[in-house]
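Hi everyone, thanks for coming.

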Amino acid sequence: MNILFLHNKITQSCGITRIMSNIAREKNYWGNNNFFLIVGLDDLKNKKYYLPFKKFKIFHSNLIFDIIFIINFCVKNNIQVISSFHRYYDLIAVVVSKIINVKTITIVQSKVFGKKKLSYHAQILIAVSHSIKSHLNNEFKIQNDKIQVIHNFIDTNDFNIIKSRYELLNILNIKKEEKIIGFIGRINNEEKGVDILLKAFQKIKDYRLTLLLIGSGPDEEYVKSFAKKNNLNIILIKETENVYDYYNLFDLFILPSRVEPFGIVLLEAGYMRIPIIASNVDGIPEIIKNMETGFLFEPGNVNDLIYKIRFYLENPKVGEEFAQNLFDKILNNFTSKKIIPQYQQLYNSMIGN
């Protein structure tokens with residue numbers, strides 16, 4: 001089987017990049033199948049994500065040119081299935097499928113709105129959470145028989161620690177007696193709720209704490225200004241090549257998102273057995289069950305988040321218990337060994353294998 005992935009960009013912190021890479025490199029499941037990638041923007045530094053693909057780049061910014069380019073590419077490479085991760089490429093794939101014999105799948109990783117007549121016309125839509133499935137039902141009026149829920153996942157082979165905790169503490173000039181609260185993701189207030197985390201951190205001054213944020217985004221200057229104005233011990237690091245080193249630093253991981261379809265960072269932090277607090281929104285409760293695998297707080301509620309942080313700091317044994325529960329849940333449900341066979345079954349069913 002020859003499978004083509006279409007995506008607008010691949011970057012270091014992009015969860016879709018990791019999902020595509022993990023799907024394609026699992027030769028134990030796919031055998032001799034070939035995977036191709038056509039991408040608009042390529043901003044990767046870590047070359048390991050290139051390995052599974054024969055990768056090509058779209059140079060055009062014109063819909064007609066892009067359609068012609070992909071038709072020619074599919075014919076030349078005998079592509080049987082096109083998998084899209086973006087509505088623009090979903091549209092292209094559907095048009096291509098009207099001209100040549102190719103099947104279409106779109107993997108829906110986020111909640112978007114508008115452009116309803118041009119959106120999500122692939123034969124099958126993969127929703128990465130039940131929350132996304134409900135969104136497709138309600139916002140785009142798509143019937144259940146066209147949607148299949150396949151959750152995001154992690155590949156446990158990725159979790160290699162290169163720099164020790166001690167090394168990183170020295171590099172970041174963090175004292176070993178301090179507790180480190182971590183966040184990894186887009187530095188964005190509107191979606192990721194970074195401002196909520198900063199306001200909560202500002203009010204917890206009776207503990208020796210460092211807030212470590214890893215990522216980039218439109219609100220980086222807001223973070224720097226807030227930290228300086230309030231004299232807070234906040235460290236902001238741009239996207240890093242081996243993020244798992246930094247998970248090894250965290251005593252507590254917080255995801256304060258206002259919108260979160262299904263956070264891969266929660267799976268990563270959970271696999272590292274880090275206690276987690278996350279907002280009770282969208283797909284997060286499909287990973288975190290309150291008072292069992294972590295703590296959920298009311299989205300946008302700073303006081304509720306403060307209460308949960310204090311509870312964890314004062315009851316570390318409870319945090320360890322929840323973290324172990326989440327680790328077990330991830331191993332049983334959200335690894336490549338559990339999820340990729342679902343992709344394999346779907347792709348095979350589409351081409352009649």
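Start with Arg273: its charged end sits over the ring of Phe327, 3.6 Å from the ring centre. By "over" I mean that NZ of Lys or CZ of Arg is within 6 Å of the ring centre and within 35 degrees of the ring normal.

This is a predicted model, where local features need pLDDT of at least 70 and side-chain atom pairs pLDDT 80 or more, while totals for chains, interfaces and linings use all residues. Residues are numbered from 1 along each chain as its sequence is written, and side-chain values use heavy atoms, with hydrogens and water left out.

Phe327 also belongs to one aromatic cluster with Phe159, Tyr244, Tyr247, Phe250, Phe253 and Tyr271.

How many aromatic pairs does a search of the whole structure find? It finds 18. Rings of Phe, Tyr and Trp (its six-membered ring) pair if their centres lie within 6.5 Å; planes under 30 degrees apart are stacked, over 60 edge-to-face, and the rest tilted.

One of them is Tyr120 with Phe140, edge-to-face at 5.1 Å centre to centre and 85 degrees between the planes. Tyr120 lies in the loop between β5 (103–108) and β6 (124–127) and Phe140 in helix α5 (residues 130–140), so the pair ties together parts 20 residues apart in sequence. Helices (H or I, at least four residues) and strands (E, at least two) are DSSP runs, numbered from the N terminus. Tyr120 is buried at 6% relative accessible area, and Phe140 is buried at 10%. Buried means under 20%, exposed over 50%, partly exposed in between (1.4 Å probe, protein chains only).
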